[in-house]
Amino acid sequence: MVGYISWDELVRAFWGKVPLEKEIPANILAGTTVGLRRREIPPDAKKVRVTIDGQTIEVPEGTLIIEAAKMLGIDIPHFCYHPRLEPVGVCRQCLVEVGMPRRNPDGTIATDEHGNPVIQWMPKPQPSCTMTVSDGMAVKVKSEAAEAARRAVMEFLLINHPLDCPVCDRGGECPLQNAAFVQGRPYSRFTEQKRTFVKPIAISPHIALDRERCIMCKRCIRFCDEIAGEKQLEQVERGWQSYIAVAEGEELDTIFSGNVVDICPVGALTNLHYRFVARPWELKRTETVCPKCPIHCSVFADCRFNYPVRFVPAGENLRVNDLWMCDIGRFEQRYPHWEHRIITPLMRVNGELQEVGWERALDALAAVLQQHTGDALAFIGTAAMTNEEAYLFQRFARSVVGSGNVDFAERDGLIGELVRHGGKVGLGVDIYALQKTDCAVILGCNLYRHLPIAWLWILQAVKKQGAKLVVVGVTEEKPRMKRWAWQWVEGLRRGEGALDKFAKMLAEAVRKVRAGERVWISDELAGIVSLETLQAIAEALAKAERPVVICASSDDPQPVAPETVAQLRQLLVKPDWDAVAYALHHANARGCMEAGLTPEYLPGLRPVHDDAMHMVLQRLWGDGTPPKRGLSAREVAERAKEGKLLVAWVVDPSPVHELPKEFVEALGQVPHLVVSASVRTPLAGKAWLVLPDLTFVEKNGSYTNWAGTVQTVRRAGKPPSGARPLARVLMALSERLGKPIRYPAPKAVWSELEHLRTLSGLTRAMSEKP
């Protein structure tokens, strides 16, 4: 017919080349962009040879056919297979022809007259996601029989699948859509009525379920069971009537629920906050990190029209979060639109904040800083700052203004005390390595809520390696951690300081177990925990090769004393394993401390009275630093209440998190309160001068996570024209004060900071991902 083209011509015009199945990249046909690490394979595993489509490869015994094919660059379509989940073979989309070499009576491989192995082919195609390779195996992926089988399976999968692509949020990045275009028929032979359901239904405040679109791959069910450890999704009914559901009256409330959206190969599970917001081709994708907790998961920030609309995991990061992220970082990152931003400096004139130009604002601030010195000034940052911002902020205060009153509002004083006792700010091993532990003790910190990814890896150690989990003094609304605990001690929260006393007694018990002495328990704790429980925990820790002890900090109900943590570290830290630390609660707390944004430490966590570091800084900065300890954020707030603080410059962390109300009220009494903020906040409302700042997604720099891994923060969206980076403001002020600071880019700041970190022995390298 005139005006019509054939299906093959349409395909050729769309893709630009045929045959299609040979050209489609792995992330389209396979439905995943990640590698092959379904399990850990020992380095000394036996190797077997397998031939796939004429290519021979040697792989470890136990490797799946689909994994071996991917090693050769051959992509086998699949939906139910996922490299982090156990194979089930329910979608049958990965069918291939499999042949085994014929064996002689003596067990040797039979050969033909040319010396080639004689292959006996199985009568029907086999699922490549469940069959492991064996020596001499031959596989055909692109044979006529295999392709016909996969086309037939695709036709069956589409029988009840609705034509929702024009309105489906998965459209444009849907593995089923792409695979159907490659392997499906140009029209359907199914003329009967498709099954229908009420659509969609909200199975949580964040997730919508469209049962019509589900192809029953069971990835979501398996993720909740195998990875999250909470079996909240299940298959209901049988046959063509089956669908995915939560228990009646319940909802999907695991803190990792958003990951089911990522791994769903169709549009059955979608993000309610992203629903009908954008199409994939409208998004600008930037790889960065999540600022919601000290783990710093690698994420993609997807922006539409310069505004972040979605955050998803950024592929494999085998030092931090692998492929997963928690719902806090996924759904609770809220950034203001431009109409709600502060885009012009605000100065208090006649009692009211009025818009002024940048030049007038900087001139006024420079004049105020020149009028006051010493303890009359304070510079308070935030844990939401990048390493580079924290370093520049403290350098400006110390070397330009001459004030040692530098700190960040969220800093925990217990961490500094632990460092003085020879401890570390956080872990000495990667977050991802926590799944290698054989005994984990959590003292007073609800890891599930505050450090979800750390909990996820400890959970994997418990589920897959039989690690012993001990949880002490933790309160839970639901038994998340208790369900997996080997020992659960909860009575300690009744007494003031009881948790620290238990931790001290545990450290002493570990020492006595190793020395072969008798373990005892004090009368004060005898009514809360039994001697048998204490001894069992101490023996498990003493025998553990990779012990993990995470202690409650000041942000938890009952903190553990630094002396106790130092004692536990002395007993349990090994040259190749250091996992005894305080639980941090704020984004870049470790990075800010190591950058010197504390009153008691210089960059590199060197004490303020360290003469050697003073000499190094004088060479780098060209000016000395105050040799005495300055005021902490808490002490600054007290001086503000007393009316002894005249100038305070505070960086407001909103919208990442909000400052405590008491802190805001205290600083509101400072006559010259300078606030760097991106939005109007309670603190900005009390300020003398407000300087427009950037939001997190508009910054370039780096973050240091709880384990000391340094990762890159990348700008995802352009800031408003009136907002300026903090570094630019500090450098402009230093020029006005006659002590110029000049850095061409954040990388130059990081290079200097890394030099100081190296001199101090803080040598954790920057992660390649992101």
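Is R480 buried or exposed? R480 is buried, at a relative accessible area of 8%, where buried means under 20%, exposed over 50% and partly exposed in between, with a 1.4 Å probe and protein chains only.

Quick housekeeping, then. This is a predicted model, where local features need pLDDT of at least 70 and side-chain atom pairs count only at pLDDT 80 or more, while totals for chains, interfaces and linings use all residues. Residues are numbered from 1 along each chain as its sequence is written, and side-chain values use heavy atoms, with hydrogens and water left out.

Okay, back to R480. Its salt-bridge partner is D253, with 3.2 Å between the closest N and O atoms; the term means a side-chain nitrogen of Lys or Arg within 4 Å of a carboxyl oxygen of Asp or Glu. D253 sits in the loop between β10 (243-245) and α7 (259-263), and R480 in the loop between β20 (468-472) and β21 (487-489), so the pair ties together parts 227 residues apart in sequence. Helices (H or I, at least four residues) and strands (E, at least two) are DSSP runs, numbered from the N terminus. D253 counts as buried too, at 19%.

Next up, R319 and D430 meet in a salt bridge at 3.4 Å, N to O. These two are 111 residues apart and link distant parts of the chain. R319 is partly exposed at 22%, whereas D430 is buried at 18%.

For K644 and E642, the closest N and O atoms are 3.5 Å apart. Here K644 is partly exposed at 46% and E642 is exposed at 51%.

There's also a network of salt bridges linking D407, R411, R420, E600, R629 and E635. Over the whole structure, the search finds 42 salt bridges.
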